[in-house]
Amino acid sequence: MMKRFFVFLSVLCLSSLATAQEAERPASPERLTVIELFTSQGCSSCPPADAALRTMRDRPGVLALSWPVDYWDRLGWEDTFADPYNAQRQAAYNKRLGRGGVFTPQMIFDGRFECVGSRKEEVSEKIQFARTLDRPEYTIGLDKAGDQITLSLPQSIVNATISVRVVWYQADATVEIGDGENRGRRLHYTNVVRDFKMLDDWNGDAVTHEINTAEAPENVTHIAVLLQEEYGHGPIVGAATLSLRD
(Lines give C-alpha, C1' and ligand atoms only; values in the text may rest on other atoms or scores of the structure.)
Protein backbone atom coordinates (compact mmCIF):
# COMPACT_ATOMS: atom_id res chain seq x y z
CA MET A 1 0.00 0.00 0.00
CA MET A 2 2.82 2.42 0.92
CA LYS A 3 4.62 1.63 -2.34
CA ARG A 4 1.47 2.42 -4.31
CA PHE A 5 1.14 5.69 -2.44
CA PHE A 6 4.68 6.77 -3.39
CA VAL A 7 4.08 5.79 -7.03
CA PHE A 8 0.87 7.86 -7.05
CA LEU A 9 2.68 10.79 -5.41
CA SER A 10 5.47 10.65 -7.99
CA VAL A 11 2.99 10.64 -10.87
CA LEU A 12 1.10 13.55 -9.30
CA CYS A 13 4.30 15.60 -8.91
CA LEU A 14 5.36 14.92 -12.50
CA SER A 15 1.90 15.88 -13.73
CA SER A 16 1.97 19.13 -11.75
CA LEU A 17 5.44 19.94 -13.06
CA ALA A 18 4.35 19.32 -16.64
CA THR A 19 1.30 21.56 -16.16
CA ALA A 20 3.46 24.34 -14.71
CA GLN A 21 5.93 24.05 -17.56
CA GLU A 22 3.07 24.18 -20.04
CA ALA A 23 1.61 27.29 -18.37
CA GLU A 24 4.91 29.15 -18.33
CA ARG A 25 7.46 28.74 -21.09
CA PRO A 26 9.57 31.16 -23.13
CA ALA A 27 7.66 32.89 -25.92
CA SER A 28 8.80 32.36 -29.48
CA PRO A 29 10.99 35.20 -30.81
CA GLU A 30 8.27 36.10 -33.35
CA ARG A 31 5.53 36.50 -30.77
CA LEU A 32 4.66 40.05 -29.78
CA THR A 33 3.56 40.88 -26.26
CA VAL A 34 1.13 43.78 -26.60
CA ILE A 35 1.30 46.49 -23.93
CA GLU A 36 -1.52 49.04 -24.07
CA LEU A 37 -1.21 52.22 -22.03
CA PHE A 38 -4.33 54.26 -21.32
CA THR A 39 -3.13 57.78 -20.65
CA SER A 40 -4.14 61.43 -20.82
CA GLN A 41 -2.42 64.76 -21.37
CA GLY A 42 -4.58 66.11 -18.53
CA CYS A 43 -3.39 63.55 -15.96
CA SER A 44 -0.48 64.60 -13.73
CA SER A 45 0.23 60.94 -12.82
CA CYS A 46 0.65 59.88 -16.45
CA PRO A 47 4.03 61.30 -17.59
CA PRO A 48 6.08 58.64 -15.74
CA ALA A 49 4.04 55.90 -17.44
CA ASP A 50 4.37 57.64 -20.81
CA ALA A 51 8.15 57.73 -20.31
CA ALA A 52 8.17 54.05 -19.31
CA LEU A 53 6.29 53.09 -22.46
CA ARG A 54 8.94 54.85 -24.52
CA THR A 55 11.63 52.58 -23.07
CA MET A 56 9.58 49.48 -23.91
CA ARG A 57 8.93 50.05 -27.59
CA ASP A 58 12.38 48.93 -28.74
CA ARG A 59 12.39 45.74 -26.70
CA PRO A 60 12.40 42.59 -28.84
CA GLY A 61 9.04 40.86 -28.82
CA VAL A 62 7.08 43.87 -27.52
CA LEU A 63 4.43 46.01 -29.21
CA ALA A 64 3.74 49.10 -27.08
CA LEU A 65 0.66 51.20 -27.86
CA SER A 66 -0.63 54.38 -26.25
CA TRP A 67 -4.42 54.92 -26.19
CA PRO A 68 -5.19 58.52 -25.08
CA VAL A 69 -8.52 58.91 -23.24
CA ASP A 70 -10.78 61.93 -23.01
CA TYR A 71 -12.32 61.73 -19.53
CA TRP A 72 -9.77 64.10 -17.99
CA ASP A 73 -10.57 66.85 -20.50
CA ARG A 74 -12.89 68.37 -17.87
CA LEU A 75 -9.82 69.46 -15.87
CA GLY A 76 -9.11 72.27 -18.30
CA TRP A 77 -7.08 70.74 -21.12
CA GLU A 78 -8.52 68.83 -24.08
CA ASP A 79 -6.24 65.95 -24.98
CA THR A 80 -5.13 66.50 -28.58
CA PHE A 81 -5.03 62.76 -29.36
CA ALA A 82 -7.93 61.44 -27.30
CA ASP A 83 -10.79 59.46 -28.83
CA PRO A 84 -13.98 58.53 -26.93
CA TYR A 85 -13.57 54.96 -28.19
CA ASN A 86 -10.29 54.59 -26.29
CA ALA A 87 -12.07 55.03 -22.96
CA GLN A 88 -14.73 52.55 -24.09
CA ARG A 89 -12.01 50.03 -24.92
CA GLN A 90 -10.46 50.52 -21.50
CA ALA A 91 -13.84 50.16 -19.76
CA ALA A 92 -14.55 46.93 -21.67
CA TYR A 93 -11.19 45.51 -20.57
CA ASN A 94 -11.79 46.43 -16.94
CA LYS A 95 -15.28 44.99 -16.91
CA ARG A 96 -13.97 41.66 -18.19
CA LEU A 97 -11.03 41.73 -15.77
CA GLY A 98 -13.35 42.41 -12.83
CA ARG A 99 -12.11 45.91 -12.13
CA GLY A 100 -14.75 48.61 -11.85
CA GLY A 101 -14.40 51.98 -13.57
CA VAL A 102 -11.42 53.41 -15.43
CA PHE A 103 -8.24 55.22 -14.37
CA THR A 104 -4.98 56.54 -15.73
CA PRO A 105 -2.28 55.53 -16.18
CA GLN A 106 -3.26 51.91 -16.73
CA MET A 107 -1.42 49.23 -18.69
CA ILE A 108 -3.09 46.16 -20.15
CA PHE A 109 -0.87 43.21 -21.10
CA ASP A 110 -2.00 41.01 -24.02
CA GLY A 111 -5.58 41.84 -23.06
CA ARG A 112 -5.21 39.45 -20.12
CA PHE A 113 -4.16 41.38 -17.01
CA GLU A 114 -3.39 44.94 -15.92
CA CYS A 115 -1.60 47.20 -13.49
CA VAL A 116 -0.92 50.86 -12.75
CA GLY A 117 1.35 51.98 -15.58
CA SER A 118 3.70 54.05 -13.42
CA ARG A 119 4.68 51.17 -11.09
CA LYS A 120 7.94 50.16 -12.76
CA GLU A 121 8.63 47.00 -10.78
CA GLU A 122 5.11 45.65 -11.24
CA VAL A 123 5.15 46.55 -14.93
CA SER A 124 8.42 44.61 -15.38
CA GLU A 125 6.94 41.60 -13.60
CA LYS A 126 3.83 41.70 -15.78
CA ILE A 127 5.90 41.84 -18.96
CA GLN A 128 8.04 38.91 -17.86
CA PHE A 129 4.94 36.88 -16.98
CA ALA A 130 3.27 37.75 -20.29
CA ARG A 131 6.39 36.66 -22.20
CA THR A 132 6.41 33.24 -20.51
CA LEU A 133 2.66 32.58 -20.52
CA ASP A 134 1.65 29.73 -22.79
CA ARG A 135 -1.24 31.03 -24.93
CA PRO A 136 -2.60 30.68 -28.46
CA GLU A 137 -0.66 32.61 -31.08
CA TYR A 138 -1.72 32.97 -34.70
CA THR A 139 0.56 34.11 -37.52
CA ILE A 140 -0.14 37.40 -39.29
CA GLY A 141 1.50 38.30 -42.59
CA LEU A 142 2.03 41.98 -43.43
CA ASP A 143 3.62 42.91 -46.76
CA LYS A 144 3.91 46.40 -48.24
CA ALA A 145 4.17 47.21 -51.95
CA GLY A 146 3.86 50.88 -52.78
CA ASP A 147 0.68 52.21 -51.20
CA GLN A 148 -0.81 48.76 -50.68
CA ILE A 149 -0.43 46.51 -47.64
CA THR A 150 -1.44 42.86 -47.85
CA LEU A 151 -2.62 41.33 -44.60
CA SER A 152 -2.72 37.53 -44.70
CA LEU A 153 -3.95 34.97 -42.19
CA PRO A 154 -3.07 31.35 -42.98
CA GLN A 155 -5.57 28.58 -42.35
CA SER A 156 -5.57 27.75 -38.66
CA ILE A 157 -7.58 25.88 -36.07
CA VAL A 158 -9.30 28.42 -33.82
CA ASN A 159 -11.54 27.75 -30.84
CA ALA A 160 -13.60 30.93 -31.12
CA THR A 161 -14.34 33.72 -33.55
CA ILE A 162 -11.49 36.23 -33.53
CA SER A 163 -11.73 39.92 -34.37
CA VAL A 164 -9.16 41.40 -36.75
CA ARG A 165 -8.32 45.02 -35.86
CA VAL A 166 -6.08 47.36 -37.83
CA VAL A 167 -4.42 50.09 -35.74
CA TRP A 168 -2.67 53.15 -37.19
CA TYR A 169 -0.14 54.71 -34.83
CA GLN A 170 2.40 57.53 -34.65
CA ALA A 171 5.83 56.61 -33.30
CA ASP A 172 6.62 59.95 -31.63
CA ALA A 173 4.69 63.08 -30.71
CA THR A 174 5.55 66.05 -28.50
CA VAL A 175 2.83 68.28 -27.05
CA GLU A 176 3.00 71.60 -25.24
CA ILE A 177 0.34 71.41 -22.54
CA GLY A 178 -1.44 74.74 -22.15
CA ASP A 179 -3.76 74.08 -19.21
CA GLY A 180 -4.91 71.52 -16.66
CA GLU A 181 -2.76 69.46 -14.27
CA ASN A 182 0.23 69.39 -16.66
CA ARG A 183 0.06 73.05 -17.63
CA GLY A 184 3.37 74.42 -18.93
CA ARG A 185 4.92 71.00 -19.51
CA ARG A 186 6.27 69.67 -22.80
CA LEU A 187 5.37 65.98 -22.92
CA HIS A 188 6.49 63.21 -25.24
CA TYR A 189 4.20 60.41 -26.36
CA THR A 190 5.16 57.10 -27.95
CA ASN A 191 3.29 54.89 -30.43
CA VAL A 192 0.13 56.96 -30.16
CA VAL A 193 -2.94 55.28 -31.65
CA ARG A 194 -4.42 57.75 -34.13
CA ASP A 195 -7.09 55.57 -35.70
CA PHE A 196 -8.28 51.98 -35.95
CA LYS A 197 -10.58 49.81 -38.02
CA MET A 198 -12.29 46.49 -37.38
CA LEU A 199 -11.65 44.49 -40.57
CA ASP A 200 -13.45 41.24 -40.04
CA ASP A 201 -14.27 38.33 -37.77
CA TRP A 202 -11.96 35.42 -38.48
CA ASN A 203 -12.95 31.76 -38.11
CA GLY A 204 -9.63 30.19 -39.08
CA ASP A 205 -10.00 30.11 -42.86
CA ALA A 206 -7.10 31.37 -44.95
CA VAL A 207 -7.88 35.00 -45.81
CA THR A 208 -6.19 38.10 -47.21
CA HIS A 209 -7.10 41.77 -46.92
CA GLU A 210 -5.79 44.67 -48.98
CA ILE A 211 -5.20 47.91 -47.06
CA ASN A 212 -4.43 51.23 -48.71
CA THR A 213 -1.98 53.43 -46.80
CA ALA A 214 -3.97 56.44 -48.01
CA GLU A 215 -6.44 55.49 -45.26
CA ALA A 216 -3.84 56.36 -42.63
CA PRO A 217 -4.29 59.65 -40.74
CA GLU A 218 -1.66 62.37 -41.08
CA ASN A 219 1.66 61.78 -39.28
CA VAL A 220 1.01 58.07 -38.82
CA THR A 221 4.21 56.04 -39.12
CA HIS A 222 3.15 52.43 -38.46
CA ILE A 223 0.34 49.96 -38.84
CA ALA A 224 -0.42 47.17 -36.38
CA VAL A 225 -2.84 44.26 -36.54
CA LEU A 226 -4.37 42.76 -33.40
CA LEU A 227 -6.20 39.44 -33.23
CA GLN A 228 -8.52 39.37 -30.23
CA GLU A 229 -11.19 37.14 -28.85
CA GLU A 230 -14.50 38.36 -27.40
CA TYR A 231 -15.43 41.03 -29.96
CA GLY A 232 -12.05 42.73 -29.98
CA HIS A 233 -11.66 43.35 -26.24
CA GLY A 234 -10.66 39.88 -25.12
CA PRO A 235 -7.32 38.11 -24.86
CA ILE A 236 -4.90 38.93 -27.67
CA VAL A 237 -3.95 35.86 -29.68
CA GLY A 238 -1.84 37.44 -32.39
CA ALA A 239 -0.18 40.73 -33.27
CA ALA A 240 2.02 42.19 -35.99
CA THR A 241 3.39 45.62 -36.87
CA LEU A 242 4.88 47.24 -39.95
CA SER A 243 6.58 50.58 -40.57
CA LEU A 244 5.03 52.74 -43.29
CA ARG A 245 8.35 54.46 -43.90
CA ASP A 246 10.38 52.90 -46.72
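Q: Where does N191 lie?
A: N191 lies in strand β8, which covers residues 186–202. Keep in mind that this is a predicted model.

Q: What about the phi of N191?
A: Phi of N191 is near 50°. That is a positive value, and N191 is not a glycine.

Q: Is N191 buried or exposed?
A: N191 is buried, because its relative accessible area is 6% and the cut-off for buried is under 20%.

Q: Which other non-glycine residue has a positive phi?
A: N219 has one, with phi at about 75°.

Q: And where is N219?
A: N219 is in the loop between β9 and β10. N219 has a relative accessible area of 46%, so it counts as partly exposed. Partly exposed runs between the buried cut-off of 20% and the exposed cut-off of 50%.

Q: Is T221 buried or exposed?
A: T221 is buried, with a relative accessible area of 9%.

Q: New topic. Which residues does the cis peptide bond join?
A: It joins T104 and P105. Omega there is about -5°.

Q: Where is P105 found?
A: P105 is in the loop between α3 and β3. Helix α3 covers 84–97, and strand β3 covers 106–109.

Q: Now cysteines. How many disulfides are there?
A: Zero, taking a disulfide as a pair of cysteine sulfur atoms within 2.5 Å.

Q: Are C46 and C115 buried or exposed?
A: C46 is buried, at 0% relative accessibility. C115 is buried too, at 2%.

Q: Zoom out. How many helices and strands does the chain have?
A: The chain has four helices and 11 strands.

Q: What share of the residues counts as buried?
A: Of the 246 residues, 47% count as buried.

Q: And the accessible surface of the chain, what does it come to?
A: About 12,600 Å². Carbon and sulfur atoms hold 51% of that surface.

Q: Last one. What share of the contacts is between residues 24 or more positions apart?
A: They make up 68% of the contacts in the chain with a separation of 6 or more.

Notes: Residues are numbered from 1 along each chain as its sequence is written. This is a predicted model: local features need pLDDT of at least 70, side-chain atom pairs count only at pLDDT 80 or more; totals for chains, interfaces and linings use all residues. Side-chain values use heavy atoms; hydrogens and water are left out. Buried means under 20% relative accessible area, exposed over 50%, partly exposed in between (1.4 Å probe, protein chains only). Helices (H or I, at least four residues) and strands (E, at least two) are DSSP runs, numbered from the N terminus. Contact means heavy atoms within 4.5 Å. Accessible areas come from the Shrake-Rupley method with a 1.4 Å probe; for residues, only the protein chains shown count as cover.
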